Amino acid sequence: MKISVITATFNREETVADAIESLRAQTFEDYEHLVQDGGSTDRTVSIVQEMSDDRTHLISERDSGIYDALNRATARATGDVIGLLHSDDFFASDSVLEQVAAAFADPDVDAVYGDLHYVSKDDTDKIVRNWVSGTFSAAVLKTGWMPPHPALFLRRSVIERRGAYDTSFSIAADYDSILRYFSEPGFTAIYVPEVFVKMRVGGESNRSIERILLKTREDYRALRKNGIGGVGALARKNLSKVGQFF
């Protein structure tokens, strides 16, 4: 089994090395690292090149945003399984990919996911928010449930069958794709109750009131588009985040 790990970058010279180092530390070594850079003007590309090995595949070119970048990288992935490693994030342990590969040993498994820690930008040992995913069933989608996108790995055939990110969403294409995949009849997802990823706080969807409102509108559109629910599911989705801070 080969795992394709995708990293989209744009001017992330301060954090991209941490992401790469966490990947290089993995005990599971049969992976490829697809770095899709959006034309960085800082040292991001140089850092990636300096840390590259024969599993690294870097392209730097203009794109139309993160979801376009992720789609471009996905299109050139050759692994059986695809996962993300955002340039501000890093794997929480050196056994993440090994645990993912073990779960995918069952050919009927479509997705594997774990938990996520939001950590302080200035002190990555300080946990700000703890996202415990919990087990999946078709019914929980209507409650606003979703696994943490950075802690989700998908069999490549799922993406080929159901499509990649819908770039008409500027913030919520990840939620839309999760609803599309996980609502497929017979979809099988395995929850590994371990923290897979640590994410620095300050993500794109929460950096201003305007972005939060846009995220809310797009989440609602994703729910309606996929026939999952409406205002009730959206409200429960947002309320579910409260407990992650305690």
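This is a predicted model: local features need pLDDT of at least 70, side-chain atom pairs count only at pLDDT 80 or more; totals for chains, interfaces and linings use all residues.

Me: Start with H6 and H7. At what angle do their axes cross?

Reply: At roughly 20 degrees, with the axes coming within 9 Å. H6 spans residues 173-182 and H7 spans residues 209-225.

Me: And what does that make H6 and H7 relative to each other?

Reply: Angles under 35 degrees count as roughly parallel, so H6 and H7 are roughly parallel to each other.

Me: Is the crossing of H6 and H7 right-handed or left-handed?

Reply: Right-handed. On the H6 side, Tyr175, Asp176 and Leu179 make the contact; on the H7 side, Asp219, Ala222, Leu223 and Lys225 do.

Me: What classes of residue are in the contact of H6 with H7?

Reply: Four are nonpolar and three are charged, with no polar residues.

Me: OK, next pair. How do H7 and H8 cross?

Reply: H8 is residues 231-239, and its axis comes within 9 Å of the axis of H7, at a crossing angle of roughly 130 degrees. H7 is therefore oblique to H8. This crossing is right-handed.

Me: Which residues meet there?

Reply: From H7, Lys215, Thr216, Asp219, Tyr220 and Leu223; from H8, Val231, Ala233, Leu234 and Lys237. By class, that contact has five nonpolar, one polar and three charged residues.

Me: Changing topic. How many cavities of 30 Å³ or more does the structure hold?

Reply: One. The largest cavity has a volume of about 140 Å³.

Me: Which residues are closest to the centre of the largest cavity?

Reply: Leu84, His149, Leu154, Ile159 and Tyr165, out of 13 residues that line the cavity.

Me: Which elements supply at least two residues of that lining?

Reply: Strand E4 (81-84), strand E8 (152-155) and H6. The largest share, three residues, comes from E4.

Me: And the lining by class?

Reply: Nine residues of the lining are nonpolar and four are polar, and none is charged.

Definitions and conventions:
Residues are numbered from 1 along each chain as its sequence is written. Side-chain values use heavy atoms; hydrogens and water are left out. Axes are lines fitted to C-alpha atoms, for helices over the stretch in contact, and angles run from 0 to 180 degrees between N-to-C directions. Helices (H or I, at least four residues) and strands (E, at least two) are DSSP runs, numbered from the N terminus. Angles under 35 degrees count as roughly parallel, over 145 as roughly antiparallel, 65 to 115 as roughly perpendicular and the rest as oblique. A crossing is left-handed if the near helix is turned anticlockwise from the far one by less than a right angle, and right-handed if clockwise. Contact means heavy atoms within 4.5 Å. Ala, Val, Leu, Ile, Met, Phe, Trp, Tyr, Cys and Pro count as nonpolar, Asp, Glu, Lys and Arg as charged, and the others, Gly among them, as polar. On a 1 Å grid over the protein atoms alone, a cavity is a set of points where a 1.4 Å probe fits but cannot get out, and a pocket is an open set with protein on both sides within 12 Å along at least five of seven lines; lining residues have an atom within 4 Å of a point. Grid points are joined across faces, edges and corners, and a volume is the space filled by probe spheres set on the points.
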